[in-house]
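Colleague: I am new to this structure and would like a close look at one part of it. Please put the sequence and model up first.

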Amino acid sequence: MGLFSKEACTFCGKEVGMMHRSKLKTKEYICSDCRNKTNPYARMDYTSRDAAQRMMEAMPQDAAWLDQEIARLEDENAEKKIRFVVQDRHDYDLGSKHVVYTCVHTLGVFQLYCSDQSHYAYNPVLFFDHILPYRFDDGNTFFADARRMEIMDANAKYATVSESKDPDGKITSCELIIPYQDECIQQIRISSSVRNEDECKAFYALADQINKDRRICIEQYWDDIQRKERMQVRNLGDTAAAALKAAVKGESVEATVKEGLETANAIEEGKVKQGLFGKLFKK
Ligand SMILES: [Zn+2]
């Protein structure tokens, strides 16, 4: 033990010194190379060995899923001759960092890529419905239900900016803080030193943009849920009427009902990756 002793990485077994490792919540060590396969916004002291393992598996899957969904939506738009950008992109200079913020409203996801994250293997896919103050979730299904109002509060401005000042009252640094419902992350933080108040403006602009996009996503989900429910009610009515007609004519009621069920399933079968939004409204 001690400052210069080497420890083995719990994932790849490599012996690494203090500068090239982090300690996990469950006390094992993770080397920088393995750490770079996890989420850049995750804190290793919040992350158990199992959670780190899951993250390493999820990162490439999420990235592939997003690419595939963007390609699918672009094809759909091209077919319908809609000239609409699927993925919005905004660039910000936050002090010494350059940040690329992208979002896809239809999927309810965003990404925040900082210039100092280039050693990470993946730009993580982040979910708008996870933007809320972290609370421990033991995996029971009532959790999301109990927090429905918090998640669906379109007026909540969860992304905020905090400023640090020197004793003379001059601003020295700014930090963007986004609360996030994920045990390993809990808060997405991007901070940088700034030279003056002007340099803080980009932090506020980015926070505003994220709050605005979150609101758009929530309103879109509401619309989608309500549209689906209207379609289901109509389908139910159509199926009942068709079954009655079939019974009167002595035809197969079973086939009619089966058809109605298939329609119901097709309505429910959203292509949107199921985040908390999806779980909230799953009947
Ligand atoms: Zn390792």
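In which loop does glutamine 186 lie?

Modeller: Glutamine 186 lies in the loop between strand 10 and strand 11; strands (E, at least two residues) and helices (H or I, at least four) are DSSP runs numbered from the N terminus. Residues are numbered from 1 along each chain as its sequence is written. This is a predicted model, in which local features need pLDDT of at least 70, side-chain atom pairs count only at pLDDT 80 or more, and totals for chains, interfaces and linings use all residues.

The phi of glutamine 186 is near 65°, a positive value in a residue other than glycine. Most residues other than glycine have a negative phi. Glutamine 186 has 17 C-beta neighbours inside 10 Å and so counts as partly exposed; a residue is buried with 20 or more other C-beta atoms within 10 Å of its own, exposed with 12 or fewer, and partly exposed in between, with C-beta atoms placed from the backbone.

Lysine 27 is found in the loop between strand 3 (21-23) and strand 4, and is exposed, with 9 other C-beta atoms within 10 Å.
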